[in-house]
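Me: I would like to learn how to read a structure like this one. Please take me through it feature by feature.

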Amino acid sequence: MELLLSVTILLGFLASAQTQSPRVDLTVAKDGTGNFTTIGEAILAAPSYSKRRYYIRIRAGKYTENIQIEEMKTNLIFIGDGMDHTIISGNRSRKGGYTTYKTSTVGIRGPGFIAQGITFENTAGPQMDQAVALRSEAEKITFFQCRFLGYQDTLYTKSGVQFFRDCEIFGTVDFIFGDATVILQNCAIFARKPLPWQSNTITAEGRDSANLTTGIVIHNCSITAAPDLRQHLNEIKTYLGRPWKHFSRTVIMQTFIDELIDPQGWLIWKGQPLGNPYFAEYGNTGHGARTNERVKWGRVINSTREAAQFTVRNFIHGETWIPSTGIPFFLDLL
């Protein structure tokens, strides 16, 4: 039933995302029934600097590859058979000898990229330190019904303007991090069990100038414990985030926050001065959304006008580019 639903969504996505007849340009299938058996081969075969969207269908299977989509590979669309069926997997890690940047299973530098119905994972494990599942650093890229699996540094939203809708993100330390202008909308965020001496930090935003328009916005999502963490909530602290750089900015609004979140909410980065972060909450619900014991430098937004600065309409100007993708979204506060 889930696979049938995924294909139905796929066809609707293709039909709405372009004005011409729906099409798939290339198909990747591990069983040899497509144009290629690896995703890397399909990327190489795709045109450079394409002005139209170029559709690559990735059929069900686990693809153990480290993939880089460079700047010249514009407007690539990855369509999977659903996050439970199409999986791109790698295991590079900082302890394995790679820089954090190069640990990514998939790295995206090509603008206009879209992915639907795919899991991006890094299986290095919590003991291997930084291990990125997806690194995204391009303009106007979107992810719909995708899953991001890892531990430390799962999702590296490095730069550019980005939109995530109906996705799942799993991790432990700083597992949504970077300095993009990014909104996660209607996503499910799961903290996993870290190493015994670690605390979980969901975000680590890297804005280093007050003049930058960057930041992480989590809107109408849920923040809960993954099954492996749920039985250890009394032993392990989990925080909404910590300031990676001097002007770090993270906003969580109209989101369900479960009991896993420590009452202080936010954590200082050990060994670094606090700086001037903008860590704000607005209209959240759930046991972990109580703000009466938050750190003094956290902000509770009480004005809809202030909160509206961080909507799809105002923060990423989504009305100008998301409609053409066919991905659902809402522009404003709920």
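Reply: Start with the core. A nonpolar core is a set of buried Ala, Val, Leu, Ile, Met, Phe, Trp, Tyr and Cys residues joined through side-chain atoms within 4.5 Å; buried means under 20% relative accessible area, exposed over 50%, and partly exposed in between, with a 1.4 Å probe and protein chains only. In this predicted model, the largest nonpolar core has 57 residues, of which Phe78, Phe120, Phe143, Phe148 and Ile169 touch the most other members. A second, separate core of 24 residues includes Tyr55, Ile114, Phe144 and Phe310.

Me: Which residues does Phe78 touch, not counting those up to four places away in sequence?

Reply: A contact means heavy atoms within 4.5 Å. Leaving out residues up to four places away in sequence, Phe78 touches Ile39, Ile43, Ile56, Ile58, Ile69, Phe113, Ile114, Ala115, Gln116 and Ile118. In soluble globular proteins, nonpolar side chains tend to be buried together.

Me: What is the order of the strands in the open sheet?

Reply: Strands (E, at least two residues) are DSSP runs, as are helices (H or I, at least four), numbered from the N terminus; two strands pair if DSSP finds at least two bridges between them. Here 11 strands form an open sheet with parallel pairing, in the order β1-β2-β5-β8-β11-β14-β17-β20-β23-β25-β26. β1 (26–28) and β26 (299–300) each have a single partner strand, so one side of each is left without a neighbour in the sheet. As one example of pairing, β2 (residues 54–58) and β5 (residues 76–80) run parallel and are joined by 5 bridges. Tyr55 stands opposite Ile77 in β5.

Me: Is Asn200 buried or exposed?

Reply: Asn200 counts as buried because its relative accessibility is 0%. Asn200 lies in strand β19 (residues 200–205). A polar contact is a pair of N or O atoms within 3.5 Å; within protein, one must be able to donate a hydrogen and the other to accept it, and residues adjacent in sequence count only if both atoms are side-chain atoms. The side chain of Asn200 makes such a contact with the side chain of Thr238, at 3.3 Å.

Me: Where does pLDDT stay under 50?

Reply: pLDDT is the predictor's confidence in each residue, from 0 to 100. pLDDT stays under 50 over residues 1–11 and over residues 14–21. The chain mean is 94, and 93% of residues reach 70 or more. Where pLDDT is low, the predicted coordinates should not be read in detail.

Me: Which conventions apply?

Reply: Residues are numbered from 1 along each chain as its sequence is written, and side-chain values use heavy atoms, leaving out hydrogens and water. Local features need pLDDT of at least 70 and side-chain atom pairs count only at pLDDT 80 or more, while totals for chains, interfaces and linings use all residues.
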